[in-house]
Amino acid sequence: MLELTNWVFLILSTTQFILGMLVNGFIGLVNGSSWFKSKRMSLSDFIITNLALSRIVLLWILLADAVIMAFFSRVHEEGVGMQVIDILWTFTNHLSIWLATCLGVLYCLKIASFSHPTFLWLKWRVSRVAVWMMLGALLLSCGTTVSLTHEFKIYSILHGIDGTGNVTEHFRKQKHEYERIHVLGSLWNLPPLLVSTAAYVLLILSLGRHTQHMQQSRPGSSDPSTEAHKRAIKIIFSFLILFLLYFLAFLVTTSSYFLPATKMVKMIGEVTTMFYLAGHSFILILGNNRLKQTFVEMLWCEFAHLKPGPKGCFVP
């Protein structure tokens with residue numbers, strides 16, 4: 001039964017890895033080639049490109065972690081290599097979360113419309129706000145990663161004592177304290193969660209209010225602008241749901257010390273994380289006109305090559 005669970009987990013992880021690599025690789029390739037041709041890139045495309053690159057690194061880290069967890073469980077719990085994976089995962093994960101938050105704030109300030117003085121002040125300085133947020137994201141990611149060194153020192157001492165068999169009640173309490181510190185480390189993710197949630201909710205409220213106003217001014221007519229706003233609301237709502245699902249999976253995985261079937265909980269958390277990394281990037285493609293157009297053209301070219309008869313790409 002355990003072997004079957006490991007294989008199912010590995011198959012799901014590999015599938016999510018392939019999908020995530022294809023989607024994020026597509027974003028990086030399209031935006032990279034566009035920058036190479038024009039030598040220019042918008043701020044939103046810059047954030048999306050770096051977000052895709054960080055997720056590619058995350059997917060490789062998660063795949064390596066999945067293989068080690070499935071077949072080398074003891075190494076996963078005690079190995080020095082796992083500390084390296086933990087450091088890489090912590091830095092890249094926090095950077096990815098903050099980049100997604102920067103993107104949400106950028107969209108909110110550019111698209112949403114509110115008359116509050118603070119919102120207007122931020123809206124007029126949207127580019128500066130986004131740049132400072134990205135610099136802050138880099139510093140916070142480094143700070144979060146550095147904070148792991150103290151945890152590793154405590155764990156190394158506790159593991160050495162546990163290996164000698166001379167475990168006192170004091171050190172058992174110390175180990176429980178270490179686990180609590182590790183769980184509390186997830187609070188680093190609370191600021192981007194709150195900021196992203198606020199940005200997405202404000203954006204949904206603004207678009208919803210604008211859509212309702214357009215429907216009242218043009219009753220009974222199917223306005224393309226209204227339909228576009230409705231599609232935008234659906235995309236942003238999908239962003240919000242996936243973001244909350246990802247944080248829930250991260251919190252459950254981090255708290256797996258205190259849950260039964262710790263390994264199973266970690267497996268579910270990793271599969272959910274990979275799903276987010278692929279799903280969120282796919283929705284980014286659908287919400288970006290240039291990426292969506294390139295994606296559709298690529299699909300039509302592939303479809304044309306698969307059809308019998310004369311070959312050639314065409315766009316509907």
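Let's start with Lys39: its charged end sits over the ring of Phe36, 4.6 Å from the ring's centre. The ring of Trp35 also has the charged end of Lys39 over it, 5.2 Å from its centre. "Over a ring" means NZ of Lys or CZ of Arg within 6 Å of the ring centre and within 35 degrees of the ring normal.

A word on the source. This is a predicted model, where local features need pLDDT of at least 70, side-chain atom pairs count only at pLDDT 80 or more, and totals for chains, interfaces and linings use all residues. Residues are numbered from 1 along each chain as its sequence is written, and side-chain values use heavy atoms, leaving out hydrogens and water.

Now the aromatic pairs. The whole structure has 10 of them. Rings of Phe, Tyr and Trp (its six-membered ring) pair if their centres lie within 6.5 Å; planes under 30 degrees apart are stacked, over 60 edge-to-face, the rest tilted.

Take Tyr200 and Phe239. This pair is tilted, at 6.0 Å centre to centre and 40 degrees between the planes. Tyr200 lies in helix α9 and Phe239 in helix α10, so the pair ties together parts 39 residues apart in sequence. Helices here are DSSP runs (H or I, at least four residues), numbered from the N terminus. Both Tyr200 and Phe239 are buried, meaning under 20% relative accessible area with a 1.4 Å probe, protein chains only; exposed is over 50%, and partly exposed is in between.

Next, Tyr246 and Tyr276. They are stacked: 4.4 Å centre to centre, 15 degrees between the planes. Tyr246 is in helix α10, Tyr276 in helix α11, 30 residues apart. Tyr246 and Tyr276 are buried.

Which residues form the one aromatic cluster? Tyr200, Phe239, Phe243, Tyr246, Phe247 and Tyr276.

Terms used: Helix = DSSP H or I, 4+ residues; strand = E, 2+ residues; numbered from the N terminus.
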